[in-house]
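Subject: Structure handover

Hello,

Here is the structure I promised to pass on.

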Amino acid sequence: MHEYVLKTNQLSKQFKGHRALDKVNLSIRRGAIYGFIGQNGAGKSTLIRLVTGLAFPTGGSIELFGVSEEKALIQNRKRIGSSIESPALFPHMTASENLEVNRILRGIPGKDCVPRMLKQVGLHETGKKKAKNFSLGMKQRLGLAIALLGDPEFLILDEPTNGLDPMGVIEMRELLKTLNRELGITILISSHILSELHLMASHYGIIHRGQLLEQLTAKELESKCRQYVYIKVNDPGMGTATIENELGTSDFEVMQDGAIKLYSFIEQPSKVSSALFSAGLEIESFTAMGEDLESYFTKRIGGNPHV
Amino acid sequence: MYNLIRAELFKLRKNRSFWTLLMAFAVLSLAYPLLYYFDHRSSGQPQFTGAEFLVSFISSNAYIIKLGVAMLAGFFISNEYASGIMKTIASTGHTRDRLYAAKLIGFTGGAMLLSLVFPIISTVEVSLLSGFGQLPDESTPFFLPRLLGLTLLYTAAYAAIGALIAVIMTDSGKTIGGSLIFFLMIDIVLAGIGSKVEIIGQLYDYSIFKLIGGIGKPSIDSGDMLPLLLVPLLTIVLCALVGISVFRRKDIK
């Protein structure tokens, strides 16, 4: 089994003088939930469309499940489930009929997968209601059910929580996490709701103006975004000894300039300061620092916060 | 491929526009002979028999074929681009060639059903009103199956052109408008230019646009039969190949 579900090599796409994707080298490990972050027009949907075969690259290559040869690539797309941009549904068909047409299209034997999928996304009681009368949230869930038909190994979802109410967002997140954890489905999910991505992604890719700025794991992001108390005292050695002895923690780092990054006691800064003060240390700097995904992303793309 | 065709036929069966067209054509097919029936009754003229009506009015079916193909191309093919369904279809891991071929087959099936509505319903209705009567003396026993067979074949040729226009336009309104203008104007344009440029005239003579007018003739010489069969077949193959080539290169938005 190949370690990477998707790899792109110098992938580029140009539209009439506009470079939508510029030499993107992206890789998604099997079993990952890959949060794909970027502003509108950054190139997220373009990359997804290239991977799913809706558009053709003007440069570079795509490797799906370890193959990049055109015929094998088309064949391997059968192992992908996708919901791109808005969910594509037949408005005059019921949820069940929408799934049935997709089941036939993909050559999935047995009709039993249709009610199973409807139940999985909570649409099993929609009966004869036509898709055109569904709320946006219901349409999103039906789009997900269609993507899940045929038990894909790799799920590509473009803004899947669009239009969902808060409960729907939670349900969708839990469903995706379950699919990833229990069935081992690798998920590429592009979303504007960074806080939502933060709660489920194991890997991140940040794209800006067609260029992949960075790929990092959740652990790497956590360490970059980790909250800490930045402490600068006149005697760093005594400072660390005080933290260890008086506060009983060694969850800190000493920087080259002698500053201490304390990752504990974020909620109790007064306890830290009084311990240092009691030890006779002179506190030069004492600040709570760190970033969340949103501020990290904003910083990474150069300050424009419109995701 | 089998699954793709099954999916297209499933979609056709569930396509509201297709059923609306079918019903509208059926109503027109019922109403049209009635106009003649009551007109002849009030004026005392002899009524058409089913056979006479079929032979006299089969050429009008060409308009229904053109209209049916144009409307269905817009609602059955182009609409899938607008609604985003084409994205789902194109990302299922089938080659574009197969997707196009399956779509063409499903669409052609629908167009063929539409093309049979007028000749069958109106002929049956007139026959019920005034009897079927006699086919023209010069016609052979194969006249009816040949007529229906050629109607289907020419519909398939028109459908191949309609599908090509749909894949180029990818917008329902543009497809319907573009197809209708093309189908209605091509005769005038080719005939007009053909009267001045000999090669265009010959091209028109051997095109489905001209030949469709001859499919209802009671007798067809064996020498005329070959182009009558070959031209629509070549049209289907050529348009399908061009359509596949366009669809292969097309970015689906």
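What follows is a short tour of what was found.

Please keep in mind that this is a predicted model.

Chain A as a whole

Start with chain A. Its C-alpha trace spans about 75 × 45 × 35 Å along the principal axes. The chain has 307 residues, and 39% of them are buried. Its secondary structure comes to eleven helices and 14 strands. Take the contacts in chain A with a separation of 6 or more: 69% of them join residues 24 or more positions apart.

UniProt, in an unreviewed entry, places the feature "domain: ABC transporter" at residues 6–234 of chain A. That stretch is 34% helix and 28% strand. Its end C-alpha atoms are 51 Å apart.

Chain B records

For chain B, UniProt lists "transmembrane region" at residues 21–38, 58–78, 99–122, 142–168, 180–204 and 224–247, again from an unreviewed entry. Two of these spans are worth a look. Residues 58–78 of chain B are 86% helix and 0% strand, with end C-alpha atoms 29 Å apart. Residues 180–204 of chain B are 88% helix and 0% strand, and there the end C-alpha atoms are 18 Å apart.

Where the chains meet

Next, the contact between the chains. On chain A, 25 residues are in contact with 21 residues of chain B. Helix 2 (70–76) and helix 3 (95–106) of chain A each supply at least two residues to this side of chain A. Helix 3 gives the most, with six residues. By type, the chain A side divides into twelve nonpolar, eight polar and five charged residues.

The cores

The largest nonpolar core has 140 residues. Those with the most contacts inside it are Leu142(A), Ala145(A), Leu72(B), Ala73(B), Ala160(B) and Ala163(B). Helix 7 of chain B (residues 143–169) contributes the largest share of this core, 17 residues. A second, separate core has eight residues, including Val229(A), Val233(A), Leu262(A) and Val272(A).

Leaving aside neighbours within four places in sequence, Ala145(A) is in contact with Leu99(A), Met117(A), Leu118(A), Gln120(A), Val121(A) and Leu123(A).

Ser82(A)

Now turn to Ser82(A), in strand 6 of chain A (residues 80–83). Is Ser82(A) buried or exposed? Ser82(A) counts as buried, because it has 26 C-beta neighbours inside 10 Å, and 20 or more are enough. Leaving aside neighbours within four places in sequence, its contacts are Thr52(A), Ala147(A), Ile156(A) and, from the other chain, Ser91(B). Leu155(A) is 73 residues away from Ser82(A) along the chain, yet their C-alpha atoms are separated by 5.7 Å.

Strand 14

Last, go to strand 14 of chain A (residues 283–289). How many of its seven residues are buried? The count is zero, so the strand is hardly covered. Strand 14 of chain A does have a partner: six bridges join it to strand 11 of chain A (residues 228–233), and the two run antiparallel.

Best wishes

Key. Residues are numbered from 1 along each chain as its sequence is written. Chains are lettered from A and ligands numbered from 1 in the order in which they are written. This is a predicted model: local features need pLDDT of at least 70, side-chain atom pairs count only at pLDDT 80 or more; totals for chains, interfaces and linings use all residues. A nonpolar core is a set of buried Ala, Val, Leu, Ile, Met, Phe, Trp, Tyr and Cys residues joined through C-beta atoms within 7 Å. A residue is buried if 20 or more other C-beta atoms lie within 10 Å of its own, exposed if 12 or fewer, and partly exposed in between; C-beta atoms are placed from the backbone. Helices (H or I, at least four residues) and strands (E, at least two) are DSSP runs, numbered from the N terminus. Two residues are in contact if their C-beta atoms, placed from the backbone, lie within 7 Å. UniProt positions are given in the numbering used here, feature names are shortened, and annotations may be inferred rather than shown by experiment. Ala, Val, Leu, Ile, Met, Phe, Trp, Tyr, Cys and Pro count as nonpolar, Asp, Glu, Lys and Arg as charged, and the others, Gly among them, as polar. Two strands pair if DSSP finds at least two bridges between them.
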